[in-house]
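Hi,

Here is the structure I promised to send over. Have a look at it first, and then read on for what turned up when I went through it.

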Amino acid sequence: MCKKVAIILLNWNTPDYTASCISSIMKYCSADDYDLIIADNGSTDGSLASLKAKFPQHIYIDNKINLGFAGGNNTALKYSIDKSYEFSMLLNNDTETEEDFISPLLNHLYQNEGVVAVQPAIYYLSNKEQLWNGGSYFNPYLGITYSNNKKSRQQLNTPEKVDWLTGCCLLVRNEALKKIGLLNERFFLYYEDVEFSFRLKAECGDLHYFPKTKIYHEAGVSGKFKSANPEGTLSPIIHYYLSRNKIWFLRKYANPLFTILIFLINTFYYGAVFCYLIIRGRNKKVKYLYKGIKEGLFTSKSMIWP
């Protein structure tokens, strides 16, 4: 008989982070609550073999190729549903814990039938006093998605209804996944968690931020260059996915009465980003940003949401 929760870690050429995450979960969380499923997205550095050797007791899925955050997690979510787990947890592999954060989230869902998914407070791993995500919201009039990370949020002691949950860490009922489907693989990377949250909220129930428990997050490991690069710290492909997927999301979920205002705000924003990248000589980033905006605007909705 399987445990209640399938914890899903997606690895892509970052075995040290994945190992640290696994070790912290095993140290602080009750093994009676969860099984760990490590999905490898076609790593080329021997990640899968090294993790299996170090943690042979866990479940591994070899995706063979890089399916992105959405596709990579979906293979493990399908496994979770097929094996009749009650809940699935998406958890970034560059996170760590210093407490049992699973049981409080699990109990919150058991005690609140109208809540379909929940996330903990998420702090920076490099600065454990600073919030990385203290609950996430969407302004449909300005077309802005944001996380409330004000210092005052650290004193919040009660659950709070939010607009979306970060894929960095969320616990969701598998019955809801059976109803709405999984992450949209067309998004590949970025905004897939926002889009997923909106479908969950529309069809299944409330989303909650639960500040009484917390984890720590390194943030952005997979998108950073591992050595000095003339294009800067982040890979140019990040600009492509962020711009394209943000526009896709806005085309479906922003308030249509405020289309002109949202268009003007984003025109100003992306114009400023283009100017900055051109001045800094980040030519590849300029190219990818242009491609992302173009596909964001002109990809048909039937291709994004078949």
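A residue is called buried under 20% relative accessible area and exposed over 50%, with partly exposed covering the range in between. Please keep in mind that this is a predicted model.

Most residues other than glycine have a negative phi. Y190 goes against this, with a positive phi near 80°. Y190 sits in the loop between α5 (174-180) and α6, and its relative accessible area is 26%, so Y190 counts as partly exposed. The other residue is K64, which is not a glycine either and has a positive phi of about 70°. K64 belongs to the loop between β3 (59-62) and α3 (68-82). Is K64 buried or exposed? With a relative accessible area of 62%, K64 is exposed.

Now to the aromatic rings. The structure holds 15 aromatic pairs. One of them is formed by F138 and F198: the ring centres are 5.6 Å apart and the planes meet at 85°, so this pair is edge-to-face. F138 is in strand β8 (residues 136-139) and F198 is in helix α6 (residues 192-203), so the pair ties together parts that are 60 residues apart in sequence. F138 is buried, at 9% relative accessible area, and F198 is buried too, at 10%. Ring pairs also join F138 and F198 with Y191, F249 and Y253 in a cluster.

Two lysines are worth a click as well. The charged end of K128 sits over the ring of Y216, 4.9 Å from the ring centre. K246 lies over the face of Y269, and here the distance to the ring centre is 5.1 Å.

Next, helix α1. This helix covers residues 15-28, which makes 14 residues, and spans 20 Å from its first C-alpha to its last, close to the 20 Å expected at 1.5 Å a residue. Which residues of α1 are buried? They are P15, T18, A19, C21, I22, S24 and I25. In an α-helix there are 3.6 residues a turn, so residues three or four places apart point the same way.

H208 is part of strand β12 (residues 206-217) and is buried, with a relative accessible area of 12%. Leaving aside residues up to four places away in sequence, H208 touches H108, V115, A117, V118, Q119, P159, E160, K161, V162 and L165.

L289 is in helix α9 (residues 283-298). Its relative accessibility is 2%, so L289 counts as buried. Which residues does L289 touch, not counting residues up to four places away in sequence? The contacts are H239, S243, Y270, V273, F274 and L277. L289 is also 8.6 Å from L242, C-alpha to C-alpha, although 47 residues separate the two in sequence.

Methods:
Residues numbered from 1 in each chain as written. Predicted model: local features only at pLDDT ≥ 70, side-chain atom pairs only at ≥ 80, totals over all residues. Heavy atoms only, no water. Helix = DSSP H or I, 4+ residues; strand = E, 2+ residues; numbered from the N terminus. Expected span 1.5 Å × (residues − 1). Buried < 20%, exposed > 50% of the residue type's maximum accessible area, 1.4 Å probe, protein only. Phe/Tyr/Trp six-rings, centres within 6.5 Å; stacked < 30°, edge-to-face > 60°. Lys NZ or Arg CZ within 6 Å of the ring centre and 35° of its normal. Contact = heavy atoms within 4.5 Å.
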